[in-house]
Amino acid sequence: MPPLSERVQHALLALLAGPPEPPEGGENEEGVTPLSAGARRLPSMLTSGLIERPTDWVALAGFMGTGKSRVGWELSRALALHFVDTDKLITRVVGKSIPEVFAQEGEGYFRACEREVVGRVTRLEHAVISLGGGTFIHEENRRQLLGRGPVVVLWATPETVYQRTKHSDRPLLRTEDPLSRIRTLMDERESVYRQGTLHVHSDGRPSEEIVEEVIERLWAWRRAQDTWNELSGPRPEPEYDRATD
Ligand SMILES: Nc1ncnc2c1ncn2[C@@H]1O[C@H](COP(=O)(O)OP(=O)(O)OP(=O)(O)O)[C@@H](O)[C@H]1O
Ligand SMILES: O=C(O)C1=C[C@@H](O)[C@@H](O)[C@H](O)C1
Ligand SMILES: [Mg+2]
């Protein structure tokens, strides 16, 4: 079998070449934008210069169930950018669902896949990246992501997370008392999520409203970056290697 890095690259290319895919499970839920004909024309709009965006690359981080996949998808439609969900990419690479990867290959293998995926998606241009809930927790992933562009962290209370995840299979929440597990894990991770660039609450708000706030906050972030650049002169090139295609 080819090495993991090659399989990740192959799966990413296949994902970007196909029609944009909304996150699973949301099609019949209130608040999810259905895949429209306009969405299929996305690639030609990407570099047309007609769309003004606060950023050409943004990642969404945060705890499970905070809405990274759903908000990321809608944000990618609103900004006319590619959409990559790292959990989904890993399921394509391994050919198994996330619970199967955890059960059959182990969490260590899943985290190794995440590291490979982060190495790739930080080289992409024109993309919204929805991360897995644990991706940003690992220091090297965090360093690469924050070196690439803004990382928006979505937040929700343990109760909201519990309500949003209770009918789905999240391997880390397979316990007798998932709400307690959510509280403990969230406490452990909170200080790390705080290291994101921008922070947006998602409790009790429809996804459209969250996307609107994310875009407004990204514009404010962009203006602050521009002011900083004007005051401090040219800054060194970012560390990542830009893809040449
Ligand atoms: N603002 C919202 N209001 C109501 N439901 C939401 C909202 N955002 C997301 N959801 C729903 O909550 C569930 C979890 O959302 P989603 O899968 O986007 O979370 P996630 O942060 O990507 O989680 P994970 O880290 O496990 O991938 C989905 O069914 C989604 O449709
Ligand atoms: O918070 C986590 O560690 C996880 C979140 C999900 O997105 C998946 O990446 C997986 O279930 C692990
Ligand atoms: Mg997700």
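This is a predicted model: local features need pLDDT of at least 70, side-chain atom pairs count only at pLDDT 80 or more; totals for chains, interfaces and linings use all residues.

Trainee: Which residues of E4 are buried on one side and which on the other?

Mentor: Val151, Val153 and Trp155 are buried on one side of E4. Val152 and Leu154 are buried on the other. Both faces of E4 are therefore covered.

Trainee: What makes E4 largely enclosed?

Mentor: Count its residues. Five of the five are buried, so E4 is largely enclosed by the rest of the structure. E1 is mostly covered, with five of its six residues buried.

Trainee: Why is alanine 61 called buried?

Mentor: Set its count against the cut-off. A residue is buried if 20 or more other C-beta atoms lie within 10 Å of its own. Alanine 61 has 29, so it is buried.

Trainee: Where is alanine 61, and what is it in contact with?

Mentor: Alanine 61 belongs to strand E1, residues 57-62. Leave aside its neighbours within four places in sequence. Its contacts are then Leu131, Thr135, Phe136, Val151, Val153, Tyr193 and Gly196. Contact here requires C-beta atoms within 7 Å. In E4, valine 153 stands opposite alanine 61.

Trainee: How far apart are alanine 61 and glycine 133 in sequence and in space?

Mentor: In sequence they are 72 residues apart. In space their C-alpha atoms are 6.6 Å apart.

Trainee: How much of the chain's contact count comes from residues 24 or more positions apart?

Mentor: Take the contacts in the protein chain with a separation of 6 or more. Residues 24 or more positions apart account for 76% of them.

Trainee: How do you know that E1 pairs with E4 and with E3?

Mentor: Pairing needs at least two bridges between the strands. Four bridges join E1 to E4, and four join E1 to E3. Both counts meet the cut-off, so both are pairs. E1 runs parallel to E4 and parallel to E3.

Trainee: Which residues stand opposite each other in those pairs?

Mentor: Alanine 59 stands opposite valine 151 in E4. Tryptophan 57 has alanine 127 of E3 as its bridge partner.

Trainee: What joins E4 to E5?

Mentor: Four bridges again, and the strands run parallel. Valine 153 has histidine 199 of E5 as its bridge partner. Leucine 154 has valine 200 of E5.

Trainee: What is the strand order of the whole sheet?

Mentor: The order is E2-E3-E1-E4-E5, in an open sheet of five strands with parallel pairing.

Trainee: Why are E2 and E5 said to stand at the edges?

Mentor: Each has a single partner strand, so one side of each is left without a neighbour in the sheet. Neighbouring strands of this sheet are turned by 20 degrees against each other on average, direction ignored.

Trainee: Which residues of helix H5 are buried?

Mentor: Thr86, Asp87, Leu89, Ile90 and Val93 are buried in H5, which covers residues 86-94.

Trainee: What makes them line one face of the helix?

Mentor: Look down the axis of H5. The buried residues fall within an arc of 160 degrees, so they line one face.

Trainee: What covers those residues, and how does H5 lie?

Mentor: The cover includes helices H1, H6 and H7, and strands E2 and E3. H5 lies across E2 and E3, at about 70 degrees to E2. Just after H5, glycine 95 takes a positive phi of about 75 degrees.

Trainee: What surrounds ligand 1?

Mentor: A shell of 24 residues, with Gly67, Lys68, Ser69, Gly133 and Arg164 the closest. Helices H4 and H11 are the elements that give two or more residues to this shell. H4 gives the largest share, three residues. The shell divides into four nonpolar, 13 polar and seven charged residues.

Trainee: Which residues surround ligand 2?

Mentor: Met64, Asp87, Ile98, Gly132, Gly133, Gly134, Arg170, Pro171 and Leu172. They divide into four nonpolar, three polar and two charged.

Technical notes. Residues are numbered from 1 along each chain as its sequence is written. Chains are lettered from A and ligands numbered from 1 in the order in which they are written. A residue is near a molecule or strand if its C-beta atom, placed from the backbone, lies within 6 Å of it. Ala, Val, Leu, Ile, Met, Phe, Trp, Tyr, Cys and Pro count as nonpolar, Asp, Glu, Lys and Arg as charged, and the others, Gly among them, as polar. A residue is buried if 20 or more other C-beta atoms lie within 10 Å of its own, exposed if 12 or fewer, and partly exposed in between; C-beta atoms are placed from the backbone. The arc is that of the directions from the helix axis to the C-beta atoms. Two residues are in contact if their C-beta atoms, placed from the backbone, lie within 7 Å. Axes are lines fitted to C-alpha atoms, for helices over the stretch in contact, and angles run from 0 to 180 degrees between N-to-C directions.
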